[in-house]
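Open the model in your viewer and keep the selection tool ready. Each stop below says what to pick and what is there.

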Amino acid sequence: MQKLAAPLAADQDSINRILQYDANKKSAGVAYLLWFFFGCFGGHRFYVGKTLSAVIMLLLAIASAITIWIFIGFIGLGILGVWALVDAFLIPGWIRNHNTQLIR
């Protein structure tokens, strides 16, 4: 009975790790949906855990919306557009790095 308990404990540990990974892994599909619908507000960055830059994007979007009537806001919107476009190419790496960290 003693010999049987050790492998069962190891199997239970593996199962717990797999369940933990499945509960916390990120999806590139979800990140791209957030990027598509909320990209200029930093929604995809919130999802992948880049909170500071997501808040900066959100504040820049709000400031741009407020100042658009005096045409200064167009500069902020241009910056946000380029930033969001660059992020579209960075999302797969962020997701891969996050999921790799979970495995370790």
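**Stop 1: the salt bridges**

How many salt bridges does the structure hold? There are three. Take them in turn.

Select Arg17 and Asp13. Their side chains form a salt bridge, with N to O at 3.5 Å. Both residues sit in helix H1, which covers residues 2-24. They are four residues apart, so about one helical turn separates them. Arg17 has 56% relative accessibility and counts as exposed. Asp13, at 41%, is partly exposed.

Move on to Lys25 and Asp22. Here the side chains meet in a salt bridge at 3.9 Å, N to O. That value lies inside the cut-off of 4 Å for a salt bridge. Lys25 is partly exposed, with a relative accessible area of 42%. Asp22 is partly exposed as well, at 41%.

Next, select Arg45 and Asp87. This salt bridge has an N to O distance of 2.8 Å. The pair links distant parts of the chain, 42 residues apart. Arg45 belongs to helix H3 (residues 43-48), and Asp87 to helix H5 (residues 73-103). Are the two partners buried or exposed? Arg45 is buried, at 8% relative accessibility. Asp87 is buried too, with a relative accessible area of 0%. Buried here means under 20%.

**Stop 2: the nonpolar core**

Hide the surface and stay with H3 and H5. Select Ala31, Tyr47, Val48, Ile91, Trp94 and Ile95. These six residues make up the largest nonpolar core. H3 and H5 each supply at least two of its residues. Which helix gives the largest share of this core? H5 does, with three residues.

Center the view on Val48. Leaving aside residues up to four places away in sequence, Val48 touches Trp94 and Ile95.

**Stop 3: the nonpolar patch**

Bring the surface back. Select Leu33, Phe36, Phe37, Phe38, Phe41, Phe46, Val55, Leu58, Leu59, Ile62 and Ile66. Together they make a nonpolar surface patch of about 1100 Å². Color the helices next. Helix H2 (28-38) and helix H4 (51-67) each supply at least two residues of the patch. The largest share, five residues, comes from H4.

Leu33 is one of the patch residues and lies in helix H2. Its relative accessible area is 52%. Leu33 therefore counts as exposed, because the cut-off for exposed is over 50%.

**Stop 4: a loop residue**

Where is Phe71 found? Look in the loop between H4 and H5. Check the backbone there. Most residues other than glycine have a negative phi. Phe71 has a positive phi of about 70°, although it is not a glycine.

**Last view**

Show two selections together to finish. Then step back to the whole predicted model.

Terms used:
Residues numbered from 1 in each chain as written. Predicted model: local features only at pLDDT ≥ 70, side-chain atom pairs only at ≥ 80, totals over all residues. Heavy atoms only, no water. Buried < 20%, exposed > 50% of the residue type's maximum accessible area, 1.4 Å probe, protein only. Patch = residues over 30% accessible without salt bridge, like charges linked within 9 Å, V, L, I, M, F, W, Y side chains within 5 Å. Areas by Shrake-Rupley, 256 points an atom, 1.4 Å probe, with all protein chains shown as cover. Core = buried A, V, L, I, M, F, W, Y, C linked by side-chain atoms within 4.5 Å. Contact = heavy atoms within 4.5 Å.
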